[in-house]
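Me: Please look at the sequence and the model shown here, and then work through a few questions with me.

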Amino acid sequence: MDPSRLYSVRMRASENESHENGGKHISGGELLSTYSDLRISVNTLLEKALNHSRGKPDFLQIQCEIVNQPIKIVNPLTVHTNEVTTVEEGHELVRNLLEKTGVPKAIIEKAYQQIPEYSVRGAILIDIHTGERVDQRLDKGVRVSKMDWQTRNFKKWATSKAVPYNPRLKEALILATKVCNHKSTIAELCWSDDPDYITGYVASKNIGYQRITQLKHYGNESGCRIFFVDTLSDLHTYISYLEEQPILVQWEEDHDT
Ligand code: WAQ
Ligand code: MG
Ligand code: MG
Ligand code: MG
């Protein structure tokens, strides 16, 4: 990839109406592409939108724009898979892991009480001191973008870690790595809104990317993406980091030792 000419490519798709007109979110995606790979990149996101378990889109938008800011290279979070046998066990583990990252117990419970209220196409930000949602983005949430991981390097990493080549894991690990790389992020909690995917995770800089094999039941279309933050006064800077700072995940063998 020629880092001097990278494009940010973003896709969003919804059913009935566009997102801003109340349509149901089907799919979103973001990547970085060279100019010469733009056709392939746009097609990758088009395929993602057209073949989605949440439904067929009536509204679909793909946008390409050149990245002007310098790109930051970041090592991926360490991945660990926790096998659980029930959804309840999964959420018990979520609570334990979040506590380990430094989110207070009462704030974790408050967040859980709020989860059913959220139906957003991005992430919501919860302040770890108050337990209140602070992003004020309503049903949009904050969409993290301008991030990617070159396929060859990802495959090298996956082979070395004996992780199956899973594009969903790749996507989520890129996002979590970017989000947890900011000092104001205390932890992230996520599971998919896709009815056919039940593995989720808790991530932070310290505990890494902790996959949990069951965080909901098959068929359930309620997802979750919460960033627990300690941002105080610089919320605007934090959100612009999430949306604007270009990040390339890159793994070097000797980084892990
Ligand atoms: N920025 C912010 N929020 C996002 C983004 C983004 N770029 N992408 C998705 N979300 C939010 C949005 O609200 C979605 O509805 C929700 O997250 C779930 O997104 O095996 O597939 O893409 O290790 O459905 C995690 C486990 C899978 C992967 C998560 O999420 C693994 C997943 P989805
Ligand atoms: Mg999506
Ligand atoms: Mg996704
Ligand atoms: Mg989804």
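Predicted model: local features only at pLDDT ≥ 70, side-chain atom pairs only at ≥ 80, totals over all residues.

Reply: Residues are numbered from 1 along each chain as its sequence is written, chains are lettered from A and ligands numbered from 1 in the order in which they are written, and side-chain values use heavy atoms, with hydrogens and water left out.

Me: Into which domains is the protein divided, and what distance separates their centres?
Reply: The domain bounds come from an automatic or database domain assignment, and they give domain 1 (6–68) and domain 2 (73–256). Taken over C-alpha atoms, the centres of domain 1 and domain 2 are separated by 21 Å.

Me: What area is buried between domain 1 and domain 2?
Reply: Buried area is the accessible area (1.4 Å probe) that two parts lose on being put together, summed over both. Carbon and sulfur atoms give 50% of the area buried between domain 1 and domain 2, and the total is about 1400 Å².

Me: Which residues of domain 1 lose the most area to domain 2?
Reply: Three residues together account for 39% of what the domain 1 side buries. Those that lose the most area to domain 2 are Glu30, Leu32 and Arg54.

Me: How many salt bridges does the rule find across the interface of domain 1 and domain 2?
Reply: A salt bridge here is a side-chain nitrogen of Lys or Arg within 4 Å of a carboxyl oxygen of Asp or Glu. Glu221 and Lys24 form such a pair, with their closest N and O atoms 2.8 Å apart. Across the interface of domain 1 and domain 2, the number of salt bridges found is 5.

Me: Which residues are the closest to ligand 1?
Reply: Counting a residue as near if one of its heavy atoms lies within 4 Å, 23 residues surround ligand 1. The closest are Gly122, Ser192, Tyr197, Tyr209 and Arg211.

Me: At what distance from an oxygen atom of ligand 1 is an N or O atom in the side chain of Tyr209?
Reply: A backbone N or O atom of Val120 lies 3.0 Å from an oxygen atom of ligand 1, and a polar side-chain atom of Asp194 lies 3.3 Å from an oxygen atom of ligand 1. For the side chain of Tyr209, the distance from an N or O atom to an oxygen atom of ligand 1 is 2.7 Å.

How values were computed:
Polar contact = N/O pair within 3.5 Å; in protein donor to acceptor, adjacent residues only side chain to side chain.
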